[in-house]
Amino acid sequence: MTTPSTPTYATYLRLDELLSLQHPLTPAEQRDLSDSERLFIVVHQASETLLSQALVDLRHIGAGPCGQQCLTDRTERATRLVDALAGQLTLLHRTLRREDFLAFRDRFGTASGLESEQFMELFSLVRRLTKPGREHPPEQARRFGELTGAVRRWRSTHLELVGHMLGELPGTGATSGTGFLAGRLDDTPGRQHGTACPLHADGTPGPPDGTPAGEPAAAPQRPDHEHAPAVRPLRTPTARPPLGHVVVVGGSVAGLLTAHVLADHAERVTVLERDHYEDRPGPRAGVPQSRHTHVLLTSGMNALGELLPGLLPELADAGAPRLAVPGDLGVWQAEQWISRRNPSRPVLTPSRPLLEHRLRRRVLAGSRIRVRTGAEVTGLLGEPGRITGVAVRDRSGAHHARQEITADLVVDAAGRASRTPQWLAELGGRPPAEEVVDTGRAYATCVFHADGPAAGLKGFYIVPDAGQPLGAIVLPAEGDRWLVTLSGPRGQAPPTDPEGFVDFAGLLPHPAPHKWLSTAFPLTRPVGYRHTANRRRRYDRAGPGRTGLLVVGDAVCALNPVYGQGLSVAALNAVALRTALAGGRTPSAHTLQRAVLRSSRTAWEVATGADSPMPGAAGNAVRSGPGARLLNRYLARVRDHVPGDPVVCAANRDVLFLLAPPRTLLTSPRVLRRTLLGTAVPTPRDLPTP
């Protein structure tokens, strides 16, 4: 009788079998292409393995005998596994060259990821577990909401990857690119694989909103007469939308994204916008930031990719640059350049008009959203604790007659110009408490044409601080242009004439940006801006009894624009709303307001933390006292270590890009050890090399 041998690591995992399963169809002599195809196979095989475990947990939940702790553990694990699946696709997006994929994709014939039985079973199980109308206890609803959010992130990452690799090129397995995939990913259980769901003439999945096949759907409202995008965002509407009529005040980025999310939970959404939309991208009078530099931080890119799959590749195709930070930028901080060899994160730098134009096209493709342009909101209807609508004046009419529009929910997305505090006072209520940190910083932006900076750089970022208060952001934008923003403290605003603007750059702590600007050609006159106070309005403290009002974007939390957080925070607000609405019950306006404020908390802490030590900082939220001074001393040590320490650099950058809360700089053992016990490694004063 033989005694079974004790399993080794290799035999327990059956590594010989597992590692023999990768067989690229590309000939081995085409080594680079074969290796790329092998990566493609490995990622998909790993995804199927992760899927198998997620399904084990979801099947157990669906079978019934699963108590509260069992449900909590298994939904949390399934959620993390699905997020890992999204990470697999992100790996492909960032490391598989598109030209390689297009070269080997024909080798696997009609094989398609849509043939994965596990892939479709997961969608079916999640639909069944989170079916609208089913009542779940609050904790269970929250867990299911997190699971649904993870599936949406995975789905949007999938669409973004396909959009990047294929666009509307024909896919494999008789598919037709992202339009087909969008329909299949939102398909109903029971369809035969390879059968596409019906598509509208504009390429969007249909019929929408439960419209029976063969019946015409309502025509989308597009006041600027633009065509709908090829891929319509995925929707899972309920039979009876719980929010009724939603009115959104302001049709810029925050308003459009909020309307997009709420349209899945409302009978209809009306967006009221003061300006008139143009057919092409261009600055708008109602958006003072239109002519200034804008950045989508990594967190904002992730959020937009989840909300509007395919938008990021579309922006890239339109010329919006994608940069690694600090890999592609010369970042000057703590009197030295940050090493470009440190780990990088991507940012996107479209102009505001391009971003808003493409965003508007996608959002308004939905038939539940109607826009009225030239409509100025002049007040709220109802009473302080119960808002029932808005008063509107038609700015394009001859008589400017007042009109009242009733609504189940009014969303203020009017930005810094929001008048909701005054309107609440006019109704007899109290305006919200405000928290303010104001440094008096002013900035100006000018557009240039020039060759790229030296050393392979794609821009500069001169970070202002208490000891060095001047700042600069030099970034490429679409159309072979460079947007240059210079900033200074109270009493030292950059000039708004081209010659004086360039001379001001000579005051920066390093001469490289000024040297580059001296050879550039200005395409516009500099445009100044002075409204840079951080201002947070605490609508969340009005109490759970208030109904009918939600405030988002800059109207609730306006941040110093020099830190480039605004667009990303608007997207994070919308993701927070989507998550809050994903459970089985419709949350109150108070709950939604708290979710919005929570989603902007990291940005608020970063911006006010950076501004509080600045000379002349004023306001009731300025951080002062012994504790603040001790914290500032520690953060100064962190900044000293950022340029030459890859660990501290990555942690600090993740905070600035709103991927991690600021407290991680205090709680990470690695960051603490390196900051407090390590010696800062200086970097050369010359321009940093890759």
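Student: What makes Cys 66 and Cys 70 a disulfide here?
Tutor: Look at the two sulfurs, which sit 2.1 Å apart. The cut-off for calling a pair of cysteine sulfurs a disulfide is 2.5 Å, and this pair falls within it. Keep in mind that we're looking at a predicted model.

Student: Which hand does that link have?
Tutor: The link of Cys 66 and Cys 70 is left-handed, with -100° about the S-S bond.

Student: How many disulfides does the rule give in total?
Tutor: One disulfide.

Student: Is Cys 66 buried or exposed, and why?
Tutor: Buried means under 20% relative accessible area. Cys 66 comes in at 16%, so it counts as buried.

Student: Why does Cys 70 get a label of its own?
Tutor: Cys 70 has a relative accessible area of 22%. Being exposed takes over 50%, and being buried takes under 20%, so Cys 70 lands in between and is called partly exposed.

Student: What about Cys 557 and Cys 649: buried or exposed?
Tutor: Cys 557 is at 1% relative accessibility and counts as buried. Cys 649, at 4%, counts as buried too.

Student: Let's move to Asp 57. Why is it called what it is called, buried or exposed?
Tutor: Its relative accessible area is 0%, which is under the 20% cut-off, so Asp 57 is buried. Asp 57 belongs to helix 3, residues 31-63.

Student: What does Asp 57 touch?
Tutor: Setting aside residues up to four places away in sequence, Asp 57 touches Arg 74, Arg 77, Ala 78 and Leu 81. As for Glu 76, it is 19 residues from Asp 57 along the chain, and their C-alpha atoms are 9.7 Å apart.

Student: What does the side chain of Ser 599 reach?
Tutor: It reaches the backbone oxygen of Val 596 at 2.6 Å. A polar contact needs N or O atoms within 3.5 Å, and 2.6 Å meets that distance. Beyond its neighbours within four places in sequence, Ser 599 is also in contact with Leu 572, Asn 573 and Ala 576.

Student: Which residues of helix 19 are buried?
Tutor: Ala 628, Tyr 634, Val 638 and His 641. They span an arc of only 135° around the axis, which means they sit on the same side of helix 19.

Student: And what is on the other side of helix 19?
Tutor: There you find Pro 626, Arg 629 and Arg 633, which are exposed. The cover over the buried residues of helix 19 includes helix 20 (646-656), helix 21 (664-667) and helix 22 (669-677).

Student: Why is strand 15 described as largely enclosed?
Tutor: Seven of the seven residues of strand 15 (residues 471-477) are buried, which is why the rest of the structure is said to largely enclose it. Take the faces in turn: Gly 471, Ile 473, Leu 475 and Ala 477 are buried on one side, and Ala 472, Val 474 and Pro 476 are buried on the other.

Student: What makes strands 14 and 15 a pair?
Tutor: Pairing requires at least two bridges. Strand 14 (residues 460-462) and strand 15 have three, in the antiparallel sense, so they qualify. Within that pair, Ile 462 stands opposite Ala 472.

Student: How many bridges link strand 15 to strand 16?
Tutor: Seven, and those strands run antiparallel, with strand 16 spanning residues 481-488. Val 474 has Val 484 as its bridge partner in strand 16. In the hairpin of these two strands, three residues lie between the strands, and Gly 479 takes a positive phi near 80°.

Student: Why do strand 12 and strand 21 stand at the edges of their sheet?
Tutor: That sheet is open, with three strands in the order 12-19-21 and antiparallel pairing. Strand 12 (434-437) and strand 21 (557-558) each have a single partner strand, so one side of each is left without a neighbour in the sheet. Four bridges join strand 12 to strand 19, and Glu 435 has Arg 536 as its bridge partner in strand 19.

Conventions:
Residues numbered from 1 in each chain as written. Predicted model: local features only at pLDDT ≥ 70, side-chain atom pairs only at ≥ 80, totals over all residues. Heavy atoms only, no water. Polar contact = N/O pair within 3.5 Å; in protein donor to acceptor, adjacent residues only side chain to side chain. Contact = heavy atoms within 4.5 Å. Buried < 20%, exposed > 50% of the residue type's maximum accessible area, 1.4 Å probe, protein only. Arc of directions from axis to C-beta.
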